[in-house]
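Reader: Got a model to go through. Can you walk me through it?
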Amino acid sequence: MAQRMIYFSFMFGVWLIYVGSMFAIFLLFMSLGQSLHVAMIVASVLTFLFIIVQRIFRDLHLINQSQKNI
């Protein structure tokens, strides 16, 4: 349970970093409300992609380890 909370807090931190960086960039081109809204959407998509890539590499590592044990 503690590992899951650490993982979720890490993912929330990644999301916050994405929001902060995207918000600063979008603020140059849009209004405050629009840039925050778009930054949250883009950060959510990037975080989901990060999670998918992380799980794919973990699964590939597990497949590689199981093949070594055969």
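Author: Let's start with one contact set. Thr47 touches Met11, Trp15 and Tyr18, leaving aside residues up to four places away in sequence. Contact here means heavy atoms within 4.5 Å.

Reader: Before we go on, what kind of model is this?
Author: It is a predicted model: local features need pLDDT of at least 70, side-chain atom pairs count only at pLDDT 80 or more, and totals for chains, interfaces and linings use all residues. Residues are numbered from 1 along each chain as its sequence is written, and side-chain values use heavy atoms, with hydrogens and water left out.

Reader: OK. Is Thr47 buried or exposed?
Author: Thr47 counts as buried because its relative accessibility is 7%. The cut-offs: buried is under 20% relative accessible area, exposed is over 50%, partly exposed is in between (1.4 Å probe, protein chains only).

Reader: Which helix is Thr47 in?
Author: Thr47 sits in helix H2, which covers residues 32-69. Helices (H or I, at least four residues) and strands (E, at least two) are DSSP runs, numbered from the N terminus.

Reader: Which other residues of H2 are buried?
Author: Besides Thr47, they are Ser35, Ala39, Ala43 and Ile51. Their cover includes helix H1 (2-27).

Reader: What about strands, how many?
Author: Zero; the chain has two helices.

Reader: Does the span of H2 agree or disagree with its residue count?
Author: It agrees, because 38 residues at 1.5 Å a residue should span 56 Å, and the end C-alpha atoms are 55 Å apart. The expected span is 1.5 Å times one less than the number of residues.

Reader: Switching to the outside. Which residues form the nonpolar surface patch?
Author: Ile41, Val45, Leu49, Ile52, Val53, Ile56, Phe57, Leu60 and Ile63, with about 840 Å² of accessible area together. Patch residues have over 30% relative accessible area and no salt bridge; like charges are joined within 9 Å, nonpolar side chains (Val, Leu, Ile, Met, Phe, Trp, Tyr) within 5 Å. A salt bridge is a side-chain nitrogen of Lys or Arg within 4 Å of a carboxyl oxygen of Asp or Glu. Areas come from the Shrake-Rupley method with a 1.4 Å probe; for residues, only the protein chains shown count as cover.

Reader: How do Leu60 and Val45 count?
Author: Leu60 is partly exposed, at 48% relative accessibility. Val45 is also partly exposed, at 45%.

Reader: And the chain overall, what share is buried?
Author: Of its 70 residues, 14% count as buried. The C-alpha atoms fill a box of roughly 60 × 25 × 15 Å along the principal axes.
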